[in-house]
Amino acid sequence: MVNLKDKIVLITGASSGIGEACAKEFAKQKVRLILVARREERIKILSQKLEKEFSIKVKCLAFDVRNYEEVENKFDSLETEWKNVDFLINNAGLAKGLDKVYSGKLSDWDEMIDTNIKGLLNVTRVISPFMVERQSGHIINIGSTAGHEVYTYGNVYSATKFAVKSLTQSFRLDMLDKGIKVSSVDPGMVYTEFSKVRFSGDDSRAEQVYKGVTPLSPEDVAEAVIFCATRPQNVNINEIIITPLQQASSTQVYRK
Ligand code: NDP
Ligand code: 8X3
């Protein structure tokens, strides 16, 4: 297991769920962290907690990954040494609604496409040149089982995660001669704010998603991310698919 002490790790979507769990797992490894999310208050509270508990340095950058100018300006505001990000965890993402294509909301489609695809591209476009310059770094994208198999009503969300899968494979080719690793960690059902966001705060509908199933915890996913990040220099984990025991695929869930 490679030692990550003092490495610089930037995590998008660190204010909740998988991103927050990744922040905690990386903090245990004594890295320097850059936490990104729109909800600044949340990442500030998390940063103070992690700085205190693990004696590490943490920066907070509050921005919307959908806005390229904002991504660029906020990243530019970092001191030079912090721009040399060793690990970029492209985690920010969301699903909005569950509809058939003939009744889907255009605003939901825009939000998913702009966040999950363009947001991931925006952040990668700003940070990766510094990795290329140093011929070193690791990009870890959070995909989904929805990017491997579609499910009824999941149309646009699945399409965005199929796009993440194809971007991971393309980045791998883009970086092949640059000494930069590229991985994807693709979870099934994880118990986070994901379903609350999907159903716009309808908590009882969100809870139904996990009925009769023990879902993954965000920590389960973060541990897979840490596994990718701590392999020896000659090893690249291309893809990890991780699901609850009771979930065989996007469509096959055994509910007790
Ligand atoms: P959460 O809703 O708990 O977390 C999502 C995170 O993304 C939040 O920190 C949110 O921060 C951030 N985010 C959303 N939109 C933006 C934006 N425009 N700009 C910046 N940050 C943004 O969900 P999860 O932890 O579950 O989701 C994390 C990733 O995991 C997503 O890519 C999701 O698709 C994927 N995933 C989730 C699964 C699940 O079952 N939960 C399964 C498979 C994949 P803020 O609102 O503060 O900006
Ligand atoms: C999130 C999991 O099954 O809701 O990517 O698509 S699912």
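Tutor: Helices (H or I, at least four residues) and strands (E, at least two) are DSSP runs, numbered from the N terminus. The model here is predicted: local features need pLDDT of at least 70 and side-chain atom pairs pLDDT 80 or more, while totals for chains, interfaces and linings use all residues. Residues are numbered from 1 along each chain as written, chains are lettered from A and ligands numbered from 1 in written order, and side-chain values use heavy atoms, without hydrogens and water.

Student: How do I read a nonpolar core, and which residues of the largest one touch the most other members?

Tutor: A nonpolar core is a set of buried Ala, Val, Leu, Ile, Met, Phe, Trp, Tyr and Cys residues joined through side-chain atoms within 4.5 Å. Buried means under 20% relative accessible area, exposed over 50%, and partly exposed in between (1.4 Å probe, protein chains only). The largest core in this model has 37 residues, and Ile11, Phe26, Leu33, Leu50, Ile89 and Val185 touch the most other members.

Student: Which elements each supply at least two residues of this core?

Tutor: On the strand side they are β1 (8-12), β2 (32-37), β4 (87-90), β5 (137-142) and β7 (239-242). The helices that do so are α1 (17-28), α2 (40-54) and α8 (218-229). Of these, α8 gives the most to the core, with seven residues.

Student: Which residues is Ile11 in contact with, leaving aside its neighbours within four places in sequence?

Tutor: Contact means heavy atoms within 4.5 Å. With those neighbours left aside, Ile11 is in contact with Gly19, Cys22, Ala23, Phe26, Leu33, Ile34, Leu35, Val36 and Ile89. There is also a second, separate core of 27 residues, and its members include Leu78, Trp82, Ile117 and Ile139.

Student: How do I read a cavity, and which residues lie nearest the centre of the largest one?

Tutor: On a 1 Å grid over the protein atoms alone, a cavity is a set of points where a 1.4 Å probe fits but cannot get out; lining residues have an atom within 4 Å of a point. Here 14 residues line the largest cavity, with Lys96, Gly97, Asp99, Met112 and Asn155 nearest its centre. At least two lining residues come from each of α4 (106-134) and α5 (155-174), and α5 gives the most, with three.

Student: What lines the second largest cavity?

Tutor: Its lining consists of Thr12, Val65, Asn90, Ala92, Thr115, Gly119, Leu120 and Val123. For this lining, α4 gives the most, with four residues.

Student: Is strand β6 buried or exposed?

Tutor: In a regular strand the side chains alternate between the two faces of the sheet. Eight of the eight residues of β6 (residues 180-187) are buried, so this strand is largely enclosed by the rest of the structure. Ile180, Val182, Ser184 and Asp186 are buried on one side, and Lys181, Ser183, Val185 and Pro187 are buried on the other.

Student: Where is Tyr153, and what is its phi?

Tutor: Tyr153 sits in the loop between β5 and α5. Its phi is positive, about 80°, although Tyr153 is not a glycine. Tyr153 counts as partly exposed because its relative accessibility is 42%.

Student: Where is Ser200?

Tutor: Ser200 belongs to the loop between α6 (194-198) and α7 (203-208). Ser200 is likewise a residue other than glycine with a positive phi, near 45°. Its relative accessible area is 56%, so Ser200 is exposed.

Technical notes
1 Å grid on protein atoms, 1.4 Å probe; cavity = no way out; pocket = protein on both sides within 12 Å on 5 of 7 lines; lining within 4 Å.
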